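Reader: I am new to this structure and would like to go through it step by step. Please keep the answers plain.

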Amino acid sequence: MKNFACGLKGAFAVVTLSFFVVTILTGCAKKIPHTLIPAYDKKQVRLIAVLPVEDQTNHPEVGKILRQEILDALYFKQYPKIPLSLVDEKINAFYPGVKNPNPQTMPPRDAGGILGVHAVMYITLNECSSRCLIWLAQSTIAARFQLYDVRTGELLWSTQYRATDREFNIVRDWLKMDAVALYSDLIEEIVKKVMNTLPDGPGL
């Protein structure tokens, strides 16, 4: 009987260990592909400015929503919230002709010097489309994210994600509205997946 009890304990321990291993592996597997420099924490990145979205799709309203959602997500990850209006005001004063900033048109060091932050985040909206086929509406959004150290100009973190969703409706006019409404869900999915790959901040 004693051996039987020991056997049960051993089996339980193996099952428990297996559960935790599977849980850890599953958690890791959920992260989308991304790059992150070693010892990110030692960089002491606290203040991150989210620059205006580089829109390659002619959907500025989607880019604005995506940018705001990223800012809110950074705050929940313990990075202080830097108002977008303040970022835009300072950027426009020094770069009046740049509407879609990227590391080439607005170098990280220059942007950092203007904004007084530790890092700047560039967002590129690569794809934003919707189509309706009979009773099916399909919408897609794809975006790239890059975080640069303004002191060294080094790329700290980068990732990209493409989200697609579908909706069914037998009324054609409603179907078109559903296709646009899907953008909100897609942005939420993108932000969640992307922010899951960025380490938490040092605190507010």
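**Loops, helices and a pocket**

Author: In this predicted model, A39 has a relative accessibility of 43% and counts as partly exposed.

Reader: Is N58 buried or exposed?

Author: N58 also has a positive phi, about 65°, although it is not a glycine. This residue is found in the loop between strand 3 (54-55) and helix 2. A residue counts as exposed over 50% relative accessible area. At 68% relative accessibility, N58 is therefore exposed.

Reader: In what pattern do the helices and strands follow each other along the sequence?

Author: The protein contains 5 helices and 6 strands. Read along the sequence, they give the pattern α-β-β-β-α-α-α-β-β-β-α.

Reader: Of the contacts between residues at least 6 apart in sequence, what percentage join residues at least 24 apart?

Author: Contact here means heavy atoms within 4.5 Å. Among the contacts between residues at least 6 apart in sequence, the share that joins residues at least 24 apart is 72%.

Reader: What percentage of the residues is buried?

Author: The accessible surface of the protein comes to about 11,900 Å², and 60% of that belongs to carbon and sulfur atoms. A residue is buried when its relative accessible area is under 20%. Of the 204 residues in the protein, the buried share is 43%.

Reader: Why are the buried residues of helix 3 on the same side?

Author: The buried residues in helix 3 (residues 84-94) are L84, V87 and I91. They lie on the same side of helix 3 because the arc they cover around the axis is only 60°. In an α-helix, with 3.6 residues a turn, residues three or four places apart point the same way.

Reader: Which exposed residues does the face of helix 3 turned away from its buried side carry?

Author: The buried residues of helix 3 are covered by elements that include strand 2 (48-50), helix 2 (60-76) and helix 4. The face turned away from the buried side of helix 3 carries the exposed residues S85, E89 and A93.

Reader: Within what arc do the buried residues of helix 4 fall?

Author: Helix 4 (residues 108-115) has the buried residues P108, A111, G112, I114 and L115. Seen down the axis, they line one face of helix 4, because they fall within an arc of 160°.

Reader: Which residue just after helix 4 takes a positive phi?

Author: On helix 4 itself, the face turned away from the buried side carries the exposed residues R109 and G113. Just after helix 4, the residue with a positive phi, about 65°, is G116.

Reader: What is T105 in contact with, leaving aside its neighbours within four places in sequence?

Author: T105 lies in the loop between helix 3 and helix 4 and is partly exposed, with a relative accessible area of 36%. From T105 to Y95 the C-alpha distance is 9.1 Å, and the two are 10 residues apart in sequence. Beyond its neighbours within four places, T105 is in contact with Y95, V98 and N100.

Reader: How far apart are the C-alpha atoms of P107 and Y148?

Author: P107 lies in the loop between helix 3 and helix 4, and its relative accessible area of 28% makes it partly exposed. Leaving aside neighbours within four places in sequence, P107 is in contact with Y95, N102 and Y122. P107 and Y148 are 41 residues apart along the chain, while their C-alpha atoms are separated by 9.3 Å.

Reader: Which helix supplies the largest share of the lining of the largest pocket?

Author: The largest pocket has a volume of about 300 Å³. It is lined by 14 residues, and the closest to its centre are P52, V53, K64, R67 and K99. Helix 2 and helix 3 each supply at least two residues of the lining. The largest share, 4 residues, comes from helix 2.

Reader: How many residues in the lining of the largest pocket are charged?

Author: By class, the lining has 6 nonpolar and 3 polar residues. The number of charged residues in the lining is 5.

Definitions and conventions: Residues numbered from 1 in each chain as written. Predicted model: local features only at pLDDT ≥ 70, side-chain atom pairs only at ≥ 80, totals over all residues. Heavy atoms only, no water. Buried < 20%, exposed > 50% of the residue type's maximum accessible area, 1.4 Å probe, protein only. Areas by Shrake-Rupley, 256 points an atom, 1.4 Å probe, with all protein chains shown as cover. Arc of directions from axis to C-beta. 1 Å grid on protein atoms, 1.4 Å probe; cavity = no way out; pocket = protein on both sides within 12 Å on 5 of 7 lines; lining within 4 Å. Points joined across faces, edges and corners; volume = space filled by probe spheres on them. Nonpolar A, V, L, I, M, F, W, Y, C, P; charged D, E, K, R; others polar.
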